[in-house]
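Here are my notes for your first look at this model. Please keep the structure open while you read, and find each residue as it comes up.

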Amino acid sequence: KHVYKTGTGDFYIPTNGSVDFPLGTVITLITADNSTHIKPVDGGTTTLILSKFGADNNIAVAADTYVTIVKIDTDKWMIQT
């Protein structure tokens with residue numbers, strides 16, 4: 001699946017308790033004319049890992065690009081830019 005983000009604002013990853021995506025879920029986020037940030041809804045529960053750089057709960061994504069987001073564990077997501 002993919003999400004095509006055309007507006008402004010951030011892209012939020014929900015907690016597992018809110019949305020129970022299966023392990024291995026892959027989401028491709030495609031940005032249009034605006035840059036965005038990927039953030040967890042609850043940074044105390046959900047961890048985002050930027051590939052090669054480690055944990056980062058505020059990941060910048062440039063306009064006109066895409067990233068791959070993979071659920072690797074309960075409340076843990078790996079992001080490849």
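1. **K39 and D10.** Start with this pair in the predicted model. The side chains of K39 and D10 form a salt bridge, with N and O 3.0 Å apart. The two residues come from distant parts of the chain, 29 residues apart. K39 lies in strand β4, which covers residues 36-40. D10 sits in the loop between β1 (2-5) and β2 (11-13).

2. **How open is that pair?** K39 has a relative accessibility of 22%. Buried means under 20%, so K39 counts as partly exposed. D10 has a relative accessible area of 28% and is partly exposed.

3. **D20 and K71.** How many salt bridges does the structure hold? It holds two. D20 and K71 form a salt bridge too, and their closest N and O atoms are 3.9 Å apart. The cut-off is 4 Å, so this pair counts as a salt bridge.

4. **Buried or exposed?** Look at the two ends of the D20 and K71 bridge. D20 has 59% relative accessibility. Exposed means over 50%, so D20 counts as exposed. K71 has a relative accessible area of 4%. That value is under 20%, so K71 is buried.

5. **T15.** Now take T15, in the loop between β2 and β3. Is T15 buried or exposed? Its relative accessible area is 16%, and buried means under 20%, so T15 is buried. Which residues does T15 touch, leaving out those up to four places away in sequence? They are D42, T45, T46 and D75.

6. **A62.** This residue is in the loop between β7 (59-61) and β8 (66-73). A62 has 48% relative accessibility. Exposed would need over 50%, so A62 counts as partly exposed.

7. **What A62 meets.** Leaving out residues up to four places away in sequence, A62 touches T31 and S35. Check T31 on your screen. A62 and T31 are 31 residues apart along the chain. Their C-alpha atoms are separated by 7.4 Å.

Note on methods:
Residues numbered from 1 in each chain as written. Predicted model: local features only at pLDDT ≥ 70, side-chain atom pairs only at ≥ 80, totals over all residues. Heavy atoms only, no water. Helix = DSSP H or I, 4+ residues; strand = E, 2+ residues; numbered from the N terminus. Buried < 20%, exposed > 50% of the residue type's maximum accessible area, 1.4 Å probe, protein only. Contact = heavy atoms within 4.5 Å.
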